[in-house]
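Subject: Structure for your review

Dear colleague,

Please find below the structure I am handing over to you. My findings follow it, and I would be grateful if you could read them alongside the coordinates.

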Amino acid sequence: MSLDALAQYFDPYPSLAVFPLGKKTKSVRSPGHKKERAVFGRMEECLQELDMKEPERQALQGFFGLGGSAVFPVFSKKGDELYPHFIRPESVLWKEFSSQHGVPLHPEGFYPESFASLSRDALFAHVKETVRDYLFAAYISKKSRGEWEKFLEESYYKHPFVQLAHEKKRVIEAAEKMNRSSLLSLLSPPEDVSFWRKRIEIVLRPYRLLPPLCSHQKEMSLHSETETMVFSCAECKTKLIYHVKESVLELEEEPDMEKAKKRIATIERLFNGLAAKNTGLLEDLDKVMDWKKRLIKLPKVMEMMEKLYAKPFLEKEADPFSAFLKHLHQTAAPETRDPSELLWLSGFVISPLSLLKEIRQTTFKETEARLELLEVELENALTAEVLPPEKTILAIKQSTLSFQDLTVILTGLEAELQNQPLHLLAQVLKGRTSSKIREEKLDETEQFGYLQHWEEKDIQKAFKKLEKESLIKKQNVGYRSNIPE
Ligand SMILES: [Zn+2]
């Protein structure tokens with residue numbers, strides 16, 4: 001603490017060092033009034049009775065930076081009024097106090113018990129416990145916080161359960177994944193599946209509870225009765241307990257190691273036994289894995305398909321073969337066949353499950369040939385003219401709108417017909433006049449009467465449809481083209 005310069009020592013109480021507490025207290029002049037002196041006297045007796053050995057006295061002196069024969073700090077506020085709480089060792093450990101500001105008055109940095117009003121026996125017990133806390137803190141203070149954190153880290157990796165979790169990482173992760181996998185619904189018998197899932201909850205619980213060794217700033221507290229340091233992470237809401245003398249980590253919930261070892265082996269064996277009863281499914285999955293690997297053109301064809309679909313005016317027909325390819329493409333499959341079915345199956349994310357039925361209805365050869373054909377078709381479609389002008393884009397009742405018609409309307413929307421309300425646009429396209437239309441000379445535009453065979457309300461409907469198809473975009477008033485140049 002090295003506040004020796006501020007400490008006051010008073011003859012009748014050789015074991016005590018009195019410090020000024022709080023910013024406003026600059027120094028301690030006397031051991032206080034009658035009340036204070038009585039308390040100091042009782043404390044001195046308690047400390048004498050403890051009969052500390054020399055190494056212990058030295059440890060406390062060193063820890064608090066005390067002079068003379070003092071071993072125990074107490075605090076006085078302004079006017080030499082006693083502050084009736086002992087300081088917590090964590091408030092002193094690895095801390096430097098400036099001799100100008102002294103020790104700040106933060107109640108949480110002191111023990112909650114008020115020692116001024118304790119009976120003699122209770123005071124002795126409190127002093128004894130506090131000295132034990134101080135001695136433990138003095139021992140801890142020999143090394144830096146960083147060094148202790150390093151010991152904690154080392155003890156973490158030596159903990160048998162952490163080692164087991166590390167060793168069985170793949171099985172644990174696979175079991176977690178499999179537990180959420182839609183493939184479970186395809187395994188039979190279902191009662192074996194539900195039994196396995198129940199086992200999983202019990203077996204995986206300690207692994208789920210195992211605190212990670214995170215790099216967050218942790219709260220550290222000392223516990224001299226167990227000789228432990230407890231590191232708590234507020235973010236992870238976890239605690240790691242470090243046994244100082246044995247250099248051993250304790251978990252908040254210590255799993256039974258024998259059971260843990262047996263159980264993790266059991267869930268893998270149980271699952272693999274269950275999978276072995278489902279050879280049909282395993283064959284399908286084998287196929288999925290194999291096809292994904294061998295259909296090397298699949299990603300490229302999917303990309304081309306996406307490109308084509310992004311083009312406007314394309315009629316998006318969903319054909320079963322394209323859908324099958326899409327399912328196969330978006331399905332995740334492992335690279336290799338793991339001898340453990342649990343590990344192997346957990347690598348699949350089949351999306352959707354109907355893929356497994358689809359794959360049974362075709363052969364690899366056929367699929368490969370169709371894929372190649374599709375690639376050529378897509379290549380042609382992507383390089384072809386966008387659309388013939390006479391191609392119908394939409395129809396309302398008997399009236400149809402061709403690509404050419406759309407082009408004329410879009411041109412108008414980028415010129416005179418910009419910022420015109422929908423009912424007026426419909427009037428212009430129908431070819432009706434009004435004073436406003438004449439005034440703005442809209443009857444002289446190319447669009448005037450362009451859709452004269454249409455009903456006005458159908459023209460309005462056509463605009464709504466074009467907006468829905470994202471071909472035009474609604475403005476504050478009117479519409480604009482939404483087709484990139
Ligand atoms: Zn954390």
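Across which strands does helix H1 lie, and at about what angle does it run to E1? Please note before reading on that this is a predicted model. Helix H1, formed by residues 34–50, lies across E1, E2 and E3, and its direction is at about 140° to that of E1.

The sheet in question is open and has 3 strands in the order E1-E2-E3, with mixed pairing. Its edges are strand E1 (16–20) and strand E3 (81–83), each of which pairs on one side only. On average, neighbouring strands of this sheet are turned by 45° against each other, direction ignored. Strand E2 (residues 72–77) and E3 run antiparallel and are joined by 3 bridges. Lys-77 stands opposite Glu-81 in E3.

Helix H8 comprises 20 residues (257–276). At 1.5 Å a residue it should span 28 Å, and the end C-alpha atoms are 29 Å apart, which agrees. The buried residues in H8 are Ile-264, Ile-267, Glu-268, Phe-271 and Ala-275. These residues cover an arc of only 85° around the axis, and therefore sit on the same side of H8. The face turned away from this buried side carries exposed residues, namely Glu-258, Lys-259, Lys-262, Arg-269, Gly-273 and Ala-276. The cover over the buried residues of H8 includes helix H6 (169–180), helix H7 (190–209), helix H9 (279–294) and helix H12 (341–345).

Buried in H18 are Ile-459, Ala-462, Phe-463 and Leu-466. Viewed down the axis of H18, the buried residues fall within an arc of 100°, so they line one face of the helix. Lys-457 and Lys-468, on the other side of H18, are exposed.

What do the buried residues of H18 pack against? Their partners are strand E8 (392–396), strand E9 (399–402), helix H16 (422–430), strand E10 (472–474) and strand E11 (479–481). Just after H18, Ser-470 takes a positive phi of about 65°.

With kind regards

How values were computed: Residues are numbered from 1 along each chain as its sequence is written. This is a predicted model: local features need pLDDT of at least 70, side-chain atom pairs count only at pLDDT 80 or more; totals for chains, interfaces and linings use all residues. Two strands pair if DSSP finds at least two bridges between them. Helices (H or I, at least four residues) and strands (E, at least two) are DSSP runs, numbered from the N terminus. Axes are lines fitted to C-alpha atoms, for helices over the stretch in contact, and angles run from 0 to 180 degrees between N-to-C directions. Two residues are in contact if their C-beta atoms, placed from the backbone, lie within 7 Å. A residue is buried if 20 or more other C-beta atoms lie within 10 Å of its own, exposed if 12 or fewer, and partly exposed in between; C-beta atoms are placed from the backbone. The arc is that of the directions from the helix axis to the C-beta atoms. The expected span of a helix is 1.5 Å times one less than its number of residues.
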